[in-house]
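Look over the sequence and the structure below. Then use this briefing to find your way around.

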Amino acid sequence: MSTLLNPSSETRIRGGLKVLTDRFNVAELTQAGKQLLLPMVGILIFLGFWHLAAPQVNTSLGTFPGPVQVWEQSGQLWQEHLNQRERADKFVTMQEERNARILAEDPNAKVKIRGYPGAPTFLDQIATSLVTVMAGFLLATAIAVPLGIVLGLNRHLQAAINPLIQIFKPVSPLAWLPLVTMVVSATYVSDDPMFEKSFLTSMITVTLCSLWPTLINTGVGVAAVNPDLLNVSRVLQLSFWTHVRKVVLPSSIPIIFTGLRVSLGIAWMVLIAAEMLAQSPGLGKFVWDEFQNGSSQSLSRIMAAVLAIGFIGFVLDRIMLVIQKKIAWNE
Amino acid sequence: MTKPHLELTGVEMAFDTPKGSFVALDNINLKIKKGEFVSLIGHSGCGKSTVLNIVAGLLQASKGGCILDGHEINAPGPERAVVFQNHALMPWLTVYENVELAVQQVFRKTLTKQERRSWIHHNLELVNMAHAANKRPGEISGGMAQRVGIARALAMKPSVLLMDEPFGALDALTRAHLQDSLMSIQQDLNNTVIMITHDVDEAVLLSDRIIMMTNGPAAAVGEDLYINLERPRNRVTLADDPTYVHYRQEVLKFLYEKQRKLENIAPHRNKKATSATTNPSAQTAKI
């Protein structure tokens, strides 16, 4: 009896285990599916609504583009970028070949290679925008975090500066831009400029508009350090720098990061507006140029840019979140 | 007569409040010997913490002063290490790093890196926390965190150990366990300890001397009771000991007969106490 029972019970156990693991995987899959499913449903409903509604809107440049046209134009923009790259490569190889010929005839001849003079493509504009926004955001952080620490540590200074913060915080980038433009062109005079003036103008505008959330959050975070921890620091007689480095900064890192994420979001929004108005290279200029161009594809191309802007903004925020998780102790 | 180790003379503490000056302490005089374990007991709001903070140097007395080994106290320092009620460990540092921060600061010049490391481990072992050296305060229990707080204070080699209700936030079993640890550590190291407590049993069990404070405002030393019980003390056998019971009754009589605090039941009593301590979050919320 026992010899009969043993193998059968073993297979039963094995079979049970198999069912169990399968069920576990199924549960996991449904969990992942649920997490993906609802966002997908949301996007599909939006696309359907867009597809149906867009043809109803007539503009002077034709009907409003639906998702299909925008998708086609996105492919078109990518193709234009590839073509442009190819031409640029050809342009450079042509020069290199010519230079090689000249050098072969006369080894002492002076040769140089000129850059491709073609217009920047959509992807080039994205790259320019990303560089500008990062520069502006880093400058804003470099100003806001130390200033915020000083304000958070000194209640009197904070009382003195707080009204200024409250007044400058809500100022639109479009109001700053003319002033920044004039000041940059008046002060940044150099025969061999390291940066384009347009780059500086957009960058400084981004800085001016995006530093406030970081500044305010840093000040709040520093002022809100647990009083017990401040007493520990006093009992240990930590020097000012050690106190800031080992107690104040780590304690306020989570709230500083919240400010940094808001700042980066603002920086990206401000940059597009600044580029449009200042005619400095970047995504904003792309949108403005397409608008002025007014071809039948312009609206689709602008819509493609809108989606790209949104997607990049989302990715930037995700990157900040990843950095925050790496650095902040409470994550 | 030898000079006392720690001496408080005519200490008075007055806080400025919107309703005028609030006198919390009035003419506190204390002489504490080296190695003495002193408990401060009294009803809440009687200024026990204020006394401790003045000795720590975290508060400045309005009148009178405090002398430790011939030097006047006017600032905080590691020779008067403080154990806070809620451990006050840096949540972003591990257990080891929390003690290291203190050791680094106090023995940076006198000990080598190797010596500092073994000193940190030694102190963690003293409180039985060496196994959790790499854990963050958030990952260990409140009792364990409080042990680390004690290890950090001991690692400073303080001449006076100041404890502000160190076991107040713990459950009864953990508290008993930590009291036993503290007794054996104190017996080995012979630190001078000033401990604030609400707990009569804790005071009698641990102390050489219990300072009972009268009710505030203008609190003063009410009675000064010496506990002459053999060490090491055992909480179970002492529970029946007539001397222990007598001491316990002395303290209870003081707290519940001589210094009865009927108005404590009325809710408006608490308002006065909180108005003296400013709320830092109210300052920052405005921006």
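**A sheet in chain B**

Five bridges link strand β3 (residues 37-41) of chain B to strand β8 (residues 192-197) of chain B, and the two run parallel. Helices (H or I, at least four residues) and strands (E, at least two) are DSSP runs, numbered from the N terminus. Two strands pair if DSSP finds at least two bridges between them. This is a predicted model: local features need pLDDT of at least 70, side-chain atom pairs count only at pLDDT 80 or more, and totals for chains, interfaces and linings use all residues. Residues are numbered from 1 along each chain as its sequence is written, while chains are lettered from A and ligands numbered from 1 in the order in which they are written.

**The sheet**
- V38(B) sits opposite I194(B) in β8(B).
- Six strands of chain B make an open, mixed sheet in the order β6-β7-β8-β3-β9-β10.
- Its edge strands are β6 and β10 (221-226) of chain B, each pairing on one side only.

**Contacts of L162(B)**
- Beyond its neighbours within four places in sequence, L162(B) is in contact (C-beta atoms, placed from the backbone, within 7 Å) with residues including L52(B), V55(B) and I194(B).

**Where the chains meet**
- The contact takes 21 residues from chain B and 21 residues from chain A.
- On the side of chain B that touches chain A, α10(B) gives the most, with four residues.
- That side of chain B has 15 nonpolar, six polar and no charged residues.
- Here Ala, Val, Leu, Ile, Met, Phe, Trp, Tyr, Cys and Pro count as nonpolar, Asp, Glu, Lys and Arg as charged, and the others, Gly among them, as polar.

Conventions:
Contact = placed C-beta atoms within 7 Å.
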